[in-house]
Amino acid sequence: MEKKRLASFSGTLGFVLASAASAVGIGNIWRFPYLAAKDGGGLFLFVYIALVITFGFSLLITDIAIGRKTRSNPIHAFASLRKKFKFVGILTFMVPSIIITYYTVLGGWITKYLAVYVSGQGATASNGDYFSNFISSPVSSIVFMLIFLAITALIVFLGVEKGIERFSKWVMPGLIVIILGIALYSLTLSYTDANGETRTGLQGLAVYVIPNFEGLTFSRFMEVLLDAMSQLFFSLSVSMGIMITYGAYVKDEVNLSKSVTHIEIFDTGVAFLSGLLILPSVYVFLGAEGMQSQGAGLMFVSLPKVFDAMGGAGAIVGALFFIMVEIAALTSSVSVLETVVASVMEMTGKSRKFISFLVAAVAAAGAVFVCLGYSVFYFEVIVPGASKPGQLLDVLDYISNSLMMPFISLMTCILVGWVIKPKSMTDEIEKSGHKFHRKKLYVVMIKFIAPVLMLLLLCQSSGLISILTK
Ligand code: PHE
């Protein structure tokens, strides 16, 4: 059977922006700053950056090179590199299929807050129970999820160049401008609380960037390392099939090594700026305790309180903030949906339009269950590593991010490092005629260091380490 011609990005810029748009997501905003504050400020930043240019670089370039070399969806890509590794492809296909069902629910929450802030009602969102009331109201959370999913599906429906690439080119510069603007503003803040204590944005900045080595032991350092690694891993969208899919759309003449460096600068830059935006303002209005919140609690409970405390400016800052988060979340969910759609298209041979519609409908059905996990199907479970009970969304997040992704990554390192050998990838990377400067580093990383780190991460996130050390 003749293979259908694949879609492609128009050039390097489109590819880099679309991949950066996938990488820049909610994780950059609601987890990176928290980890930095928890893990010794500048110490965490240093460890994270060291990992970005070694470990992250190797994993990301591998996914993209696998995509470009095989020019196919993740399932087929792994099978065509080695038949026995088809199971890794199947797992890789399952990851975005799971993620799409809960990422759209998070997207729905963001869309709701965007609507509330843009319509000038931000003050109501700062009330203590507003968030829990919203997520436990089935109709409203489903409606906003559907809106978010419909926008995602529309972009995927329009195709790689006309949808994904064009959308990323338009919105990503906007995201940078907004985040820079609010970050600068947050550095100028200062506030005197009821006890007469004055806190400034610059003090919050100091907690963020100055390395804090207090109480640094070997095990504490390992904690910092593992936190940085798991964050980086999630942030770069590797091991989800996304970068394999996007890699398949990259032209042969594109310099992969340089593009990956640019994607990483973008992703890390946005993560760093999110810290500049969030930590000083949270510190000023909520004190050091406020810096301990992360995830949904940070975005939907703590930050609305911060915006409220800013007075008049808070309404504008809040609205801009949720516009920015909406962009970050949308472009990531587009990349997840695209991965599933591209795989199903290739497997069935049906048109993009039909498959986009079909996959979105199935994803919507799954996401409805996730929404109802806070009301009709409410249950509480503590997944390994969590400090408080979670619901269906947390369980899905745990299975995909903490178990499947590190396992896939470990298998990918074994496949590339030991079975088909790194040369198969370095040849692909050099196919464009550009020299691959970090080739030696890449080979050492993919053969030795990355698999060991991945195994460690897998043991940690599956709860094995804490069981053993108890
Ligand atoms: N990399 C994104 C982030 O940091 C996460 C993500 C992207 C999740 C794509 C799923 C799919 O938030």
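**Notebook: contacts, salt bridges, core and ligand**

I looked up S186 and found that it touches G201, L276, L277, P280 and S281, leaving out residues up to four places away in sequence. Contact here means heavy atoms within 4.5 Å. I note that this is a predicted model, where local features need pLDDT of at least 70, side-chain atom pairs count only at pLDDT 80 or more, and totals for chains, interfaces and linings use all residues. Residues are numbered from 1 along each chain as its sequence is written, and side-chain values use heavy atoms, with hydrogens and water left out.

**S186, continued**

I placed S186 in helix 10, residues 160-187. Helices are DSSP runs (H or I, at least four residues), numbered from the N terminus. Is S186 buried or exposed? S186 is buried, at a relative accessible area of 0%. I use buried for under 20% relative accessible area, exposed for over 50%, and partly exposed for in between (1.4 Å probe, protein chains only). I then checked the side chain of S186: one of its polar atoms lies 3.1 Å from the backbone oxygen of L276. A polar contact is a pair of N or O atoms within 3.5 Å; within protein, one must be able to donate a hydrogen and the other to accept it, and residues adjacent in sequence count only if both atoms are side-chain atoms.

**Helix 5**

Next I went to helix 5, residues 74-81. Six of its eight residues are buried, so I logged the helix as mostly covered. The buried ones are P74, I75, A77, F78, A79 and L81. What do they pack against? I found helix 4 (42-70), helix 6 (86-118), helix 13 (242-248), helix 16 (312-348) and helix 18 (392-419). At the start of helix 5, I saw a side-chain oxygen of N73 within 2.9 Å of the backbone nitrogen of I75.

**Y246**

I followed helix 13 to Y246. Y246 is buried, with a relative accessible area of 1%. I listed its contacts beyond four places in sequence: F9, F15, A18, S19, S22, I164, V334, S335 and E338. I also checked Y246 against D63, which is 183 residues away along the chain. Their C-alpha atoms are 9.1 Å apart.

**Salt bridges**

I counted salt bridges (a side-chain nitrogen of Lys or Arg within 4 Å of a carboxyl oxygen of Asp or Glu). How many are there? The count comes to 15.

I opened K169 and E165 in helix 10. They form a salt bridge, with the closest N and O atoms 3.1 Å apart. The two sit four residues apart, about one turn of the helix. An α-helix has 3.6 residues a turn, so residues three or four places apart point the same way. K169 is partly exposed at 33% relative accessibility, while E165 is buried at 2%.

I then took D39 and K38, whose closest N and O atoms are 3.3 Å apart in their salt bridge. D39 is buried at 0% relative accessibility, and K38 is partly exposed at 30%.

My next pair was E430 and K439, a salt bridge with the closest N and O atoms 3.1 Å apart. E430 is partly exposed at 23% relative accessible area. K439 is partly exposed too, at 30%. I also traced a network: salt bridges that share partners join K38, D39, R220, E223 and D227.

**Nonpolar core**

I looked up the largest nonpolar core, which has 163 residues. Such a core is a set of buried Ala, Val, Leu, Ile, Met, Phe, Trp, Tyr and Cys residues joined through side-chain atoms within 4.5 Å. F55, W109, M299, F321 and F322 have the most contacts inside it. Helix 16 gives the most to this core, with 17 residues. I opened F55 and found that it touches M229, L232, M445, A450, L453 and M454, not counting residues up to four places away in sequence.

**Ligand**

Last, I turned to the ligand. A backbone N or O atom of G27 lies 2.7 Å from one. For N28, a polar side-chain atom lies 3.0 Å from a ligand oxygen atom. On the nitrogen side, a ligand nitrogen atom is 3.1 Å from a polar backbone atom of F234. The protein covers 100% of the 320 Å² of accessible area that the ligand has on its own. These areas come from the Shrake-Rupley method with a 1.4 Å probe; for residues, only the protein chains shown count as cover.
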